[in-house]
Amino acid sequence: MSEEDFTFEVPRDLFADSVSWVTRRLPARPAMPLLAGLLLSADETGELSLGGTDYDLTAQAHLSAQVSGPGKVLVSGRLLADIAKALPSPSVRIATEGTKVHVRSGSAKFTLPSMPVDEFPSLAEHPTPIGSAQAKELFAAISQVGVAASRDDTLPALTGLRLVFTQEGIELAATDRFRLSVRKLVWDGKGVGEEPLTALVPAAVLSEFARTQLETDDAPVEFALDQGAGSPSLLGVQAGPFRITTRLLDAQLPDVSQLIPKRYSSLARVELAPLVEAVRRVSLVSARRSQIRLDFQGSGSDALLKLSAGAEEAGFAEEELAVQHWGEPISVVFNPGYLLDGLSTFRGECGQFGFTGPNRAVALVTGDGPEPEETAEGYTADAPDQVYVLMPVRLQG
């Protein structure tokens with residue numbers, strides 16, 4: 001039931017996009033029917049707020065509208081989203097009447113039942129802002145790191161994406177034990193003190209937020225973190241009219257810095273686009289596409305990478321690519337899906353594999369820099385802004 005009858009009018013496309021954005025973040029199978037509701041709130045200034053929550057996550061969108069006065073109403077979010085997308089006229093008029101909600105656009109009219117507002121949980125308050133980053137760079141970083149997060153809810157820490165905020169930058173990291181992805185970017189951390197702030201956020205929440213369509217790529221994305229007594233428990237993210245507030249995971253991500261090599265015994269530089277296509281082709285014959293072998297042969301600019309998968313009796317494939325290789329020849333076997341996930345996150349023309357020995361973690365970084373220099377201890381590892389560390393399938397013998 002609405003607290004007070006009110007009406008508002010708003011452009012259809014803006015309304016449909018806002019409703020859709022919030023409802024995509026509502027639970028698909030809510031624990032309570034009310035959690036499938038979308039709260040529409042209008043104030044006397046003409047701002048319309050759309051909000052939903054599942055207790056752990058609150059999603060809100062704000063837009064300007066012509067309103068008759070303040071009021072709130074709760075309706076089925078997914079039903080309203082379906083209706084809003086199908087409306088024929090450039091504008092939408094919504095009016096509440098007791099327990100009914102009337103939606104009108106052109107000659108199309110809908111009447112929906114409202115849900116009890118007083119039983120709907122309060123939307124989480126947005127925490128204190130701590131800084132902002134450019135949308136394009138941040139959203140790219142989230143997608144690059146999020147691929148390494150686990151989907152196994154029985155290990156909550158591994159489903160998270162760890163954010164470490166300093167005054168100058170953000171470090172994002174995620175791991176599922178089989179691979180690790182780390183990305184660093186510059187930001188304006190005006191609300192961060194001398195000590196870094198750390199938050200472990202559900203990776204799925206940030207990955208979904210990174211799909212938000214904004215008017216410009218350089219729009220600021222603001223982070224907010226509650227900094228009361230004890231450890232932070234809420235993180236807020238806002239971009240344009242869209243905002244989420246999410247509960248942090250009550251877990252600790254293992255120390256991942258030890259997994260990133262400081263020096264390599266050998267390096268290989270490969271053009272990314274041909275390598276991605278070759279991995280996709282060769283892995284077609286792998287049983288359940290679970291293994292692909294990479295043999296790096298030769299040295300210098302005349303080296304060769306031989307990819308192979310399968311077995312003669314069940315189907316076998318191989319392909320060769322020209323590469324640059326420094327150090328001793330080496331063979332490694334990867335899960336092709338994990339390998340492709342990592343390769344797809346790099347935006348340069350070349351990628352560089354760093355090896356520390358057989359059956360040991362392999363680091364993948366951008367390969368567009370100068371040629372590596374050999375020292376007495378091997379090839380020194382730079383400190384790149386992005387690194388993807390992948391554990392190989394163990395070779396026997």
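Q: How are helices and strands defined here?
A: Helices (H or I, at least four residues) and strands (E, at least two) are DSSP runs, numbered from the N terminus. The model is predicted, with local features needing pLDDT of at least 70 and side-chain atom pairs counting only at pLDDT 80 or more, while totals for chains, interfaces and linings use all residues. Residues are numbered from 1 along each chain as its sequence is written, and side-chain values use heavy atoms, without hydrogens and water.

Q: Which helix gives the most to the lining of the largest pocket?
A: Helix 4, with six residues. A pocket is an open set of points on a 1 Å grid over the protein atoms alone, where a 1.4 Å probe fits, with protein on both sides within 12 Å along at least five of seven lines; lining residues have an atom within 4 Å of a point.

Q: How much space lies in it?
A: About 800 Å³ in the largest pocket, the volume being the space filled by probe spheres set on the points. Of its 29 lining residues, Thr159, Pro202, Ala203, Ala204 and Val205 are the closest to the centre.

Q: Switching to helix 1, how many of its residues are buried?
A: Nine of the 12, so helix 1 is largely enclosed by the rest of the structure. Buried means under 20% relative accessible area (1.4 Å probe, protein chains only). Among the buried residues are Phe15, Trp21 and Val22.

Q: And what is the make-up of residues 258–365?
A: That stretch is 18% helix and 49% strand, with its end C-alpha atoms 16 Å apart. UniProt, in an unreviewed entry, lists residues 258–365 as "domain: DNA polymerase III beta sliding clamp C-terminal".

Terms used. Buried means under 20% relative accessible area, exposed over 50%, partly exposed in between (1.4 Å probe, protein chains only). UniProt positions are given in the numbering used here, feature names are shortened, and annotations may be inferred rather than shown by experiment.
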